[in-house]
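Grab a pencil and let's work through a few exercises together. Have a look at the structure first, then try each task before you read its solution.

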Amino acid sequence: LEAVAAAAYLRLADFKPKELVTIASAFAKLKVDAPLLFRGIASLPTDAFDAYNPYDVSDLAWAFATAGKPAPAVFARLFALMDHHLPASAANRDE
């Protein structure tokens, strides 16, 4: 699987959002350590994640969390989507 991760890393720019989510989720679910692949996805330009739908962003965040890999841009996009989609009353529930 290391060869698959390396090949995917070399072609990151060719993948559509759903394809990257599927790859990251598969490696996370199988508990395969693929640091180069996860680092490559995490280092995509922040605006690249703007094209991801909310489900893909949440699945990608799950993959990174499960793999124990940092992905500030992915989680920033997830939090932005949460702010946008949660009603104000739910966001201020603890206040």
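This is a predicted model, so local features need pLDDT of at least 70 and side-chain atom pairs count only at pLDDT 80 or more, while totals for chains, interfaces and linings use all residues. Residues are numbered from 1 along each chain as its sequence is written, and side-chain values use heavy atoms, with hydrogens and water left out.

**Exercise 1.** Work out how the axes of helix α2 and helix α4 are arranged.

Step 1: find the helices. Helices are DSSP runs of H or I with at least four residues, numbered from the N terminus. Here α2 covers residues 17-29 and α4 covers residues 54-67.

Step 2: get the angle. Axes are lines fitted to C-alpha atoms, for helices over the stretch in contact, and angles run from 0 to 180 degrees between N-to-C directions. The axes of α2 and α4 come within 8 Å and cross at roughly 30°.

Step 3: classify it. Angles under 35 degrees count as roughly parallel, over 145 as roughly antiparallel, 65 to 115 as roughly perpendicular and the rest as oblique. So α2 and α4 are roughly parallel to each other.

Step 4: A crossing is left-handed if the near helix is turned anticlockwise from the far one by less than a right angle, and right-handed if clockwise. The α2 and α4 crossing is left-handed.

**Exercise 2.** Describe how α1 packs against α3.

Step 1: α1 (residues 2-10) and α3 (residues 35-42) pack at about 25°, with axes 8 Å apart. That makes them roughly parallel, and their crossing is left-handed.

Step 2: Ala5, Ala8 and Tyr9 of α1 make the contact with Leu36, Leu37 and Gly40 of α3.

Step 3: sort by class. Ala, Val, Leu, Ile, Met, Phe, Trp, Tyr, Cys and Pro count as nonpolar, Asp, Glu, Lys and Arg as charged, and the others, Gly among them, as polar. The α1 and α3 contact has 5 nonpolar, 1 polar and no charged residues.

**Exercise 3.** How many salt bridges are there, and which residue pairs with Asp33?

Step 1: apply the rule, a side-chain nitrogen of Lys or Arg within 4 Å of a carboxyl oxygen of Asp or Glu. The count comes to 4 salt bridges.

Step 2: Asp33 pairs with Lys69, with the closest N and O atoms 2.8 Å apart. This pair links distant parts of the chain, 36 residues apart: Asp33 is in the loop between α2 and α3, and Lys69 in the loop between α4 and α5.

Step 3: for another of them, take Arg77 and Asp50, at 3.7 Å from N to O. Arg77 lies in α5 and Asp50 in the loop between α3 and α4, so this pair ties together parts 27 residues apart in sequence.

Key. Helices (H or I, at least four residues) and strands (E, at least two) are DSSP runs, numbered from the N terminus. Contact means heavy atoms within 4.5 Å.
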